[in-house]
Structures are given as structure tokens and as C-alpha cells.
Amino acid sequence: MAHLEDQRETIYKVDPEHPETKDLPVLRSEELLLNMGPQHPATHGVLKVILDLEGERITKSTVVMGFLHRGVEKLAEHGTYHQFIPHTDRLDYVCAMYNNFAYCRAVEKLMDITVPDRAEYLRTMVAEIQRIIGHLFWLGTQALDIGAMTVFFYTFRDREILLDWFDELCGARLTTSWYRIGGIEKDLPDSLLEKVRQFLDYFPPKIEEYVIFLEKNRIWLARTVGVAVITAEDALSFGLSGPTLRGSGVDYDLRKYESYGAYPKCEFSVPVGKNGDTYDRYWIRIEEMRESIKIIKQCLEQMPKEGAVMADVPSVTLPPKDRVFTNLESMIQQFKLFSQGFDAPAGEIYCGTEAHKGELGFYIVSTGGGNPYRLKIRSPSFIHMGAFDHMAKGYMIADAVTIFGSYDIVMGECDR
Amino acid sequence: MHPLAESLQARFPQAVVSVYEWRGDVAVTITRDQVHEVCRYLREDPKMDFDYMVHVSSVDWPDDEERFEVVWEVYSIRHRHRIRIKARVPEQDCFVDSMVDLWRGAEFMEREVFDMMGIRFNNHPDLRRILMPDEYDEGWPLRKDFPLQGKGWRDTFDFLNEGTT
């Protein structure tokens, strides 16, 4: 298929022998340096890329980042484990739930806590809702960046429904902090469960709607098919993960490889691309939304109707909120956990979670006591930007936006 | 002992300093001189086949003789196993070999380690600050002796003091 070929092969040159162009004066050529960002609207925050251009082709690109660096890893060393949960919201502020999930899982691994069954299902379900939100956000903004504006309104319409649930769930739309170490803050209200059930029927036809806008859109196809091709081997070597890696044909998905939460009890498949181009990464995200719906459905069916939503380890996990106000012991427990933290054993762990962007991992070194000694965040956005120079070489300036858009970068997570 | 650590121990008896296993994770500390050689083996040997770079980190232990610890974590997609390789680096002569020639993703991750902890990497193609500004000269923010509020550079920003005087 000719149109799937790597666009880098097509280079237009003036032919000195051709009768129409042989009399043209020889033009001076030099490399042009273009600063893109940090205030460019398509950089999803504050990212600057310095492009070396030959005509309109990119020969080299230098990524400049750190505009949003807030020293989150340093802050973590100065607070307790519980106090770090709200900080994780501000990493990938588009998908806070998944950051909470990834962090809480890492601390649970450190403390060796098993989360109760009902909480596992709820956590998995909300994480998948968050994945849908992330992919909707990505789809809308990526299409907007490339020039297809309509999809944006449709995806944001549906994203809004889901964000309202989060509002009902924990009082915040974006910075949720709903997950707790050992469980979740509080159980889902029944009214919300009913809304989730209705959404399962509402949403799949909407996916078809987005697809109609894009998959028959010649501009969308021309700007995604064969753009930003990366081979599986290179993608692995760069440490890419999530849909960016799976687009190249590697089925690396931590939900399957090192299964966690309620994922081992749910049936779902991991979509894998072939060509490693932007279109495949788009297709994977669309398919993942369909898989997420399946997972949510299974969670709803299998979830125990009642049960604890917080592990019962009083030295680590928080007491139920209603008891804090009526019971002295619970109040002391809550006070001690927030003022001093819990005593973590000395040791180090790494725990990776499949967020919708890729592998979000936390490497925690503890020397005992209430604070982490060192906390390193393996953020997919940062690592994906490492491959930008390699992937942008030979493409046009306009494709630069497509390329870092296709990683689904969020600078809050990238710069930490 | 974990089979991965065992095979490293058997192949590089001189290089392996210590093996650490906890909560299912396995970490092997390698001498600084041989860490690149060990990683090359991990990358190229078909039984190891670590093709995926997970993360590069560093830990500061100010009281230890060899102050810093550089951590590379790698994963094998085919064999589905992971290992953490560590090397200790003293504060004077703060160098360690770069892994960029083995895993290209190490370029940005090692730059971050340099930026945050001040550890230099031999044979790194582009070792510059990455998150902090290029002209930043207060030192290395993630070291334990660096105060949380910084060393005063922020106080010189004019816009922060506007209206207070």
C-alpha cells in the first residue's frame, strides 16, 4: 500500500536538467532554526522544541522542558506517604485517578497490604473510567491540533458526563485524590452505580460517532497514516510504553503482564498496531475505550454487593470517616497518621501501573519512618519525549505537533 | 537467590557486590567499573534479553563512603523478567558509564539524574540540564544537603517582591 509508506522517502528537489527549471537562479540554502513553544497552543502546556529545518523538513530537534518543574520528588521526601497523594493529582492533571492508583499501589507494595475485594473492583472500575476520559481528551485535542475541530466538541461532551461523576464521587473533577493507601476514600453512592450502568449503553454508539468523523476524513488520514513511524525495536529501546509502544506491535501492557487490581478477573484484549504510525496509535486508543467499557461492565457484574472498601491495618490505613467524628480511638488514629505518618519498613520497591499514557511507575526507597527517603516517578510523558528527535527527523514542521500529540504528553507529568 | 542474580553472580563473580531481594523485586549492585559490561551482557545475551529500559534513578546516601547510588531498571518483554542494576559512585570523581549505547531511552533519564543529583555519565552524547534551567547554578536539587526551599535564587526574582516594598 503506497500511502502507508514512510513519508520521509518523499523529498522534492529541483531538477537542474529539467527544461523548465534549468534557467532558475541557484538559490542559497542554509539551515533554519525555529523555536516552537513554549507558548504554542498545541504543546499541551509549556513545552519548547528547537527545530533545525531544511526547507520545511525537520533535520534535528532539541526538546527544552522543565517549565513546569515543581520539584515533586523533593517534596515527597519532606512529607508523609499519605500527604503525597494530592501531589500525584498534579502530575498528570488530566487523569488524576490513575496517578492516585499508581501511587497507592506502590505504597501498598511497600507496606505489603492487601486491598479488600470490593475496593479492588471499585478502583479498577474508576481507573477504567479515567482511562476513557484520558482517551477522550486525547482524541479531542489531537484532532483539534491536526485541524479537525468537530470531534473536540463531541468528545468533550461525553468527557463532561464522566467528570460530573467524579464530582459526585469525591467533590473534585480533576484533582480527585479519591484513592487511599489500602483502599478508597468512601464507597460509591448507589445512584452513581446506576448512572454507570446507563452509560455502558450510551457510550459505544458515541465511539462510532467519533470514528465516522475521523476515519473517512481525508485530512485526518493524510496527517496520521505513515506519520511518526517507529519500529518496535526502537520503541522498546527508547522505553516507550502504553499505546505509543503498542502501536508498533508490542503487546506490552502491565494489566496483562503484571496484572493487578481486578484485571486478572476480567476478560479483555489488548489491541496491538502494525505500522507504528500515528494512525495505529489513534486506532489503539479507540479500541481501548471499547475494552474499557467491557471491563467496567464485568466489574459491575462481579463486584461484591457489600464489604469493606479499606484494608483493616490500623497502623497504616485511615479509619472510616464517620467514626473519626464519634470515636476517640479513630480520631487518634487519624491524627497520628496525618501528623507523623506510618512507620514504613526499610527497603525499596518499584511498582509500575498501566496508566492510559503508558507505564506510570513509582520507585520508593524507604529507610524506615514516616517519609519516603527517595521517591522517583517514572512518568511516561517524560520518557516519550526522549524519542521525539528520533521520530521527528525528516518530517514537516506541522507534523511535529502530530508527533508529540500522539504520545499524549501532559507537561505536569513530564516536568514533575 | 533469584535465578537472574545467580546467573550474574556466576558470570561476573568479581563485579557483583551485593544482591538484594524484597517484595519480589531483585536488585544487584555492581562495581562501577564493570556496570557497563554487565549491562551489555543483560542486553545482548539471548537468555537475558533485557530490551526495555524502565527507569534510571539515583539515591543520595550522604553518610556513606561512596555517596551516590545510580539505579537502572530494565525489563525483558520476551522473558517477562525485570532486574534492577545499581552502582555506587563516590562524591569526588562522580562518574559512571552511560547506558545510552545499549538503551537509547537512557539518554533523557540519565540527563535527569545528572540534573538532579550531579552524577556525570561517561560517553553520554548530550549531558546537559534537562528540568532545571541551563544557567541554574545553585547545585543539585535532589541531594540531601540541598534545602527544600532552595538556596535563595528565587528571592532574587523581581516579580516575586513587587508591591511588598
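Tutor: Let us start with aromatic rings. This is a predicted model, and in chain A ring pairs link Y98(A), F101(A), W178(A), Y179(A), Y260(A), Y263(A) and F268(A) into a cluster.

Student: How many aromatic pairs are there over all chains?

Tutor: The count comes to 28. One of them joins F152(A) and F153(A) in an edge-to-face arrangement, with 5.7 Å centre to centre and 80° between the planes. Another, Y279(A) with Y282(A), is tilted, at 5.4 Å and 55°.

Student: How are Y279(A) and Y282(A) placed in helix α11 of chain A?

Tutor: The general idea comes from helix geometry. An α-helix has 3.6 residues a turn, so residues three or four places apart point the same way. In this case the two tyrosines are three residues apart in α11 (residues 278-302) of chain A, so about one helical turn separates Y279(A) from Y282(A). Y279(A) is buried at 19% relative accessible area, and Y282(A) is buried at 0%.

Student: Why is helix α16 of chain A described as largely enclosed by the rest of the structure?

Tutor: One reads this from the burial of its residues. Eight of the 10 residues of α16(A), which covers 397-406, are buried, and therefore the helix is largely enclosed. The buried residues are D399(A), A400(A), V401(A), T402(A), I403(A), F404(A), G405(A) and S406(A). Just after the helix, D408(A) takes a positive phi of about 65°.

Student: Is N99(A) buried or exposed?

Tutor: N99(A) is buried, with 1% relative accessibility, and its place is in helix α3 (residues 96-111) of chain A. To see its surroundings, one sets aside the neighbours within four places in sequence; N99(A) is then in contact with T88(A), D89(A), L91(A), D92(A), L360(A) and F362(A).

Student: Let us turn to salt bridges. How many are found over all chains?

Tutor: The search of the whole structure finds 50. E209(A) and R157(A) meet in a salt bridge at 3.2 Å, N to O. This pair links distant parts of the chain, with E209(A) in helix α6 (residues 190-215) and R157(A) in helix α5 (residues 150-170), 52 residues apart. E209(A) is partly exposed at 25%, as is R157(A) at 32%.

Student: Which residue forms a salt bridge with R290(A)?

Tutor: The partner is E208(A), with the closest N and O atoms 2.8 Å apart. Here helix α11 of chain A supplies R290(A) and helix α6 of chain A supplies E208(A), 82 residues apart. R290(A) is partly exposed at 25%, and E208(A) is partly exposed at 38%.

Student: What does the salt bridge between R84(B) and D25(B) tie together?

Tutor: The closest N and O atoms of this pair are 2.6 Å apart. R84(B) belongs to strand β5 and D25(B) to strand β2 of chain B, so the bridge ties together parts 59 residues apart in sequence. R84(B) is buried at 1%, and D25(B) is buried at 8%. D25(B) also forms a salt bridge with K109(A), at 2.7 Å between the closest N and O atoms. These residues belong to a network of salt bridges that includes E258(A), E348(A), D64(B) and E69(B).

Student: How much area do chain B and chain A bury between them?

Tutor: The size of an interface is often given as the accessible area lost when the parts come together. Here the two chains bury about 4000 Å², 57% of it on carbon and sulfur atoms. The contact takes 46 residues from chain B and 49 residues from chain A. Between the chains there are nine salt bridges and 23 residue pairs in polar contact. On the side of chain B that touches chain A, β3(B) gives the largest share, nine residues. The residues of that side divide into 27 nonpolar, four polar and 15 charged.

Student: Which contacts does S57(B) make, leaving aside its neighbours within four places in sequence?

Tutor: S57(B), in strand β3 of chain B, is in contact with Y363(A), K376(A), E69(B), V70(B), V71(B) and V113(B). S57(B) is buried at 0% relative accessible area, and its side chain makes a polar contact of 2.7 Å with that of H55(B).

Note on methods:
Residues are numbered from 1 along each chain as its sequence is written. Chains are lettered from A and ligands numbered from 1 in the order in which they are written. This is a predicted model: local features need pLDDT of at least 70, side-chain atom pairs count only at pLDDT 80 or more; totals for chains, interfaces and linings use all residues. Side-chain values use heavy atoms; hydrogens and water are left out. Contact means heavy atoms within 4.5 Å. Buried area is the accessible area (1.4 Å probe) that two parts lose on being put together, summed over both. A salt bridge is a side-chain nitrogen of Lys or Arg within 4 Å of a carboxyl oxygen of Asp or Glu. A polar contact is a pair of N or O atoms within 3.5 Å; within protein, one must be able to donate a hydrogen and the other to accept it, and residues adjacent in sequence count only if both atoms are side-chain atoms. Helices (H or I, at least four residues) and strands (E, at least two) are DSSP runs, numbered from the N terminus. Ala, Val, Leu, Ile, Met, Phe, Trp, Tyr, Cys and Pro count as nonpolar, Asp, Glu, Lys and Arg as charged, and the others, Gly among them, as polar. Rings of Phe, Tyr and Trp (its six-membered ring) pair if their centres lie within 6.5 Å; planes under 30 degrees apart count as stacked, over 60 as edge-to-face and the rest as tilted. Buried means under 20% relative accessible area, exposed over 50%, partly exposed in between (1.4 Å probe, protein chains only).
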